[in-house]
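Student: Please take a close look at one part of this structure, the ligand site. Then connect it to the chain around it.

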Amino acid sequence: MLASCFRRRLDLLTPGRRLVSTAANASASTSTRRKRVVFSGIQPTGIPHLGNYLGALSNWKRLQDEAAPEDVLIFSVVGWHALTMPQNPAELRQARASMMAVLLAMGLDPRRSVIFHQDHNPDHTELAWVFNCITPIGKLRRMTTWKSKLVTARNANDETEVDESLLHVGLFDYPVLQAADILAYKATHVPVGEDQQQHLELCRDIADSFNRTFKERSPLFPLPQHVFTPQKRILSLRDSSAKMSKSAPDPKSRILLTDTTSEISKKIAGAQTDSDPSVTYDPVSRPGLANLLTIFAACTETSPEDLARKYDGSSFAKLKKDAAEAVNAFLSGPRAEFAKLKDETGYLDEIARTGAEKARDISGKTMSEVRRRVGLA
Ligand code: AQP
């Protein structure tokens, strides 16, 4: 059964069956719309949570579904980024394979999108080095993510408690690697959550700086744009001052794509609300309740404001029960698909291998041009 499933899936990869050859489609297209190159990545630091799904991954799928034939879609499991925080090697190995299964389970199609492991393509780290040499330290110092990651990892209360002696170069510098991830493919559109907005701005600065420093007739890099989902930032269920995160110490703070019905119900039942019994959508004064409404609305394609009106007068217990049912229904499809795929090691490896080849084809051209412009070729 598994073997036939594997054969069927491999069949989807054979050249004759490839529905989309980006180059062929780009030249065949008669559209005058500019070709989009979409790039995004996710760290293999555990099973994705609802924040990853609503803030980023669902956007990847939507972009894939709505892409014009000439658009290029590139999605990566970014293993080098995972190393910026301490990892258990055995767990990382497992999480890396699982993340590939998650991407396929949520509907990314290897015939349409390039899906690969970042660490299978050395062009990312090579370009990051070039960018390191043109990025002022002061810009990285202004990034807030490394501070919040240290806060989370150390269970500190806020950024003033962060001990910089614990800051490794990799964690400080990873926005530069992220810029290289994006620009190696000359990506024009980057679907990421709001937490990554600052990094994308840095990426644009780096692209601009390279273009001006190594100026020729035309700039080498585009200045990539954000693509946000309406649910830009999903908060921790236990602490609405923090975003939902894979690595936060409290597992009850996040809903995972693989959580069972009862786990989801328990986590939502324990979600932070407040003592005001009314139901209103007020992200500033009532962030816990607003987060719950945002999650519920995203899973039912309604708006949090409409839900607040509908549930005003109901108890929080009723709201939470219905929200849990909605989340459960929303995740049940990808969860079932993930359960089917997660042990298909041969198939997952083959997708990763083919994806990396396609990725290297694209980034190799960028790197030849980079080396020539900087004087190394
Ligand atoms: N809470 C969130 N709400 C909306 N979007 C989110 N993203 C992450 N958390 C939220 C988006 O998910 C994508 C992949 O994230 P990542 O794996 O690269 O790591 P991250 O941003 O550091 O997210 P995590 O889940 O908190 O992972 P850990 O704990 O390992 O660092 C990104 O597009 C991100 O914006």
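Tutor: A definition comes before anything else: a residue is near a molecule if one of its heavy atoms lies within 4 Å of it. This is a predicted model, where local features need pLDDT of at least 70 and side-chain atom pairs count only at pLDDT 80 or more, while totals for chains, interfaces and linings use all residues. Numbering runs from 1 along each chain as its sequence is written, and side-chain values use heavy atoms, with hydrogens and water left out.

Now the site. There are 22 residues around the ligand, and His49, Lys149, Asp195, Lys246 and Ser247 come nearest. By class, this shell has five nonpolar, 11 polar and six charged residues. Here Ala, Val, Leu, Ile, Met, Phe, Trp, Tyr, Cys and Pro count as nonpolar, Asp, Glu, Lys and Arg as charged, and the others, Gly among them, as polar.

Next, polar contacts (pairs of N or O atoms within 3.5 Å). The side chain of Lys149 places an N or O atom 2.6 Å from an oxygen atom of the ligand. For the side chain of Thr45, the distance to a ligand oxygen is 2.7 Å. Gly193 uses its backbone: an N or O atom there lies 2.8 Å from an oxygen atom of the ligand. On its own, the ligand has 640 Å² of accessible area, and the protein covers 97% of that. Such areas come from the Shrake-Rupley method with a 1.4 Å probe.

Which elements give two or more residues to the shell? They are β1 (37–42) and α3 (50–66). The largest share, four residues, comes from α3. Helices (H or I, at least four residues) and strands (E, at least two) are DSSP runs, numbered from the N terminus. The chain has 15 helices and five strands.

A salt bridge is a side-chain nitrogen of Lys or Arg within 4 Å of a carboxyl oxygen of Asp or Glu. Lys243 lies in the loop between β5 (225–227) and α11 (261–269), and Asp195 in the loop between β4 (189–191) and α10 (197–213), so the pair ties together parts that are 48 residues apart in sequence. Both partners are classed by relative accessible area: buried means under 20%, exposed over 50%, and partly exposed in between (1.4 Å probe, protein chains only). Lys243 is partly exposed at 32%. Asp195 is partly exposed at 23%.

Other salt bridges sit within helices. Asp306 and Arg309 meet at 2.5 Å, N to O. They are three residues apart in α13 (residues 304–311), and about one helical turn separates them. Asp306 is partly exposed at 42%, whereas Arg309 is exposed at 58%. In α14 (residues 316–341), Asp322 and Lys318 are four residues apart, again about one helical turn. Their side chains meet at 2.9 Å, N to O. Asp322 is buried at 13%, and Lys318 is partly exposed at 39%. Salt bridges with shared partners also join Glu216, Glu369, Arg372 and Arg373 into one network. The whole structure has 23 salt bridges.

Finally, the chain. Of its 377 residues, 49% count as buried. Its accessible surface comes to about 17,800 Å², with 53% belonging to carbon and sulfur atoms.

Note on methods: Polar contact = N/O pair within 3.5 Å; in protein donor to acceptor, adjacent residues only side chain to side chain.
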